[in-house]
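This report describes selected features of a single protein chain. Please keep the sequence and the three-dimensional view at hand while reading.

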Amino acid sequence: MGRLVPAVTRALDILELFLDGDGTLSAPDIVRKLQLPRTTVHELVTTLAARKYIVPVPGQPGRYRLGVRPYQLGARYAEQLDLAAEGQQVARSVAETCDETVHVAILEDTDVIYIAKVDSTHAVRMVSAAGRRLPAHCTSVGKMLLASLPEHELAARIPDGAELAAMTPNSITDPAVLRETLAEIRERGIAVESRESNPDVSCVAAPVRDRTGQVVAALSISVPMIRFSEERRAELEQLAAKGAAELSEHLGHRSVA
């Protein structure tokens, strides 16, 4: 790997400062935040402004905001995004860490469709495939996605009198019970299902967000019951959340601390 170019690094540091606060900065602000010499900041700001990466703020002399060029680059990046491909890449990384089966799924009506999958290397593992469709209420990814819907949309998809099919004796079949479960998931930010879609498997899932903050998918880790425990669950919940956050970042989402 080649060496980093200091001037380019500093220019990028300046651009990233605009992600915080009200999105406007002056040269003195940049000097203070990055602890750079004033002459260096002046040269970098002048160059960035000349290339339309930053522009003066109307009515606020000496202050700048992001220009059109970063937007154009971001739009081109968004055009090239492939959720399935990005999901497969992150799922592979998560699976390498925990050596369990990892899925990424999206919601379609009241079902989930798995768009990415990486298998565990264990002899005992979950048998599934990308492209498979399952009832959302029976899976951790599905419950995570249902929990992310606005209340009116959830009610339209699963009305109070809906008949929920059971995949195992542990599946939720009562819409009222499902709503209680979804409320808990919203509060925790993590979904868990224990033998609800497969009598021998438990799963944990976390939400994947796009650049607007909307939940567009969920990432899950599936574990055979012979390797599942409360301690293991806590570990996998953290890993699923980390993987989902990484995939969200790939999609342009920026978490707010």
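The model is predicted. In the hairpin formed by strand 8 and strand 9, five residues lie between the strands, and Gly213 adopts a positive phi near 95°. Strand 8 and strand 9 run antiparallel and are joined by nine bridges. One of the pairs links Ala205 with its bridge partner in strand 9, Ser220.

Strand 9 is also paired with strand 4: five bridges join the two, and their directions are antiparallel. Here Ser220 of strand 9 stands opposite His103.

Strands of a sheet pair through backbone hydrogen bonds, in either a parallel or an antiparallel manner. In this model, six strands form an open sheet in the order 6-5-4-9-8-7, and the pairing is antiparallel. Strand 6 (133-135) and strand 7 (191-194) stand at the edges; each has a single partner strand, so one side of each lacks a neighbour in the sheet. On average, neighbouring strands of the sheet are turned by 30° against each other, with direction ignored.

Which strands does helix 5 lie across? Helix 5 (residues 83-98) lies across strand 4 (101-108), strand 5 (111-118) and strand 9 (215-224), and it runs at about 60° to strand 5. Helix 9 (residues 230-250) lies across strand 4, strand 7, strand 8 and strand 9, running at about 30° to strand 8.

## Two arginines and their contacts

Arg232 is located in helix 9. With 16% relative accessibility, Arg232 counts as buried, because the limit for this class is under 20%. The side chain of Arg232 makes a polar contact of 3.0 Å with that of Glu235. When neighbours within four places in sequence are left aside, Arg232 is in contact with Cys98, Glu100 and Arg227.

Arg227 belongs to the loop between strand 9 and helix 9. Its relative accessibility is 21%, so Arg227 counts as partly exposed. A polar contact of 2.8 Å joins the side chain of Arg227 to that of Glu100. Arg227 and Thr121 are 106 residues apart in sequence, and their C-alpha atoms are 13 Å apart in space.

## A buried helix

Helix 6 (residues 140-147) has eight of its eight residues buried, so helix 6 is largely enclosed by the rest of the structure. Its buried residues include Lys143, Met144 and Leu145. At the N-terminal end, Thr139 caps helix 6: a side-chain oxygen of Thr139 lies 2.8 Å from the backbone nitrogen of Gly142.

## The second largest pocket

What is the volume of the second largest pocket? The volume is about 190 Å³. Its lining is made up of Leu107, Leu145, Ser148, Leu149, Pro150, Glu153, Arg157, Gln214, Val215 and Val216. Helix 7 (151-157) and strand 9 are the elements that give two or more residues to this lining.

Key
Residues numbered from 1 in each chain as written. Predicted model: local features only at pLDDT ≥ 70, side-chain atom pairs only at ≥ 80, totals over all residues. Heavy atoms only, no water. Pairing = 2+ DSSP bridges. Helix = DSSP H or I, 4+ residues; strand = E, 2+ residues; numbered from the N terminus. Axes fitted to C-alpha atoms, helices over the stretch in contact; angles between N-to-C directions. Contact = heavy atoms within 4.5 Å. Buried < 20%, exposed > 50% of the residue type's maximum accessible area, 1.4 Å probe, protein only. Polar contact = N/O pair within 3.5 Å; in protein donor to acceptor, adjacent residues only side chain to side chain. 1 Å grid on protein atoms, 1.4 Å probe; cavity = no way out; pocket = protein on both sides within 12 Å on 5 of 7 lines; lining within 4 Å. Points joined across faces, edges and corners; volume = space filled by probe spheres on them.
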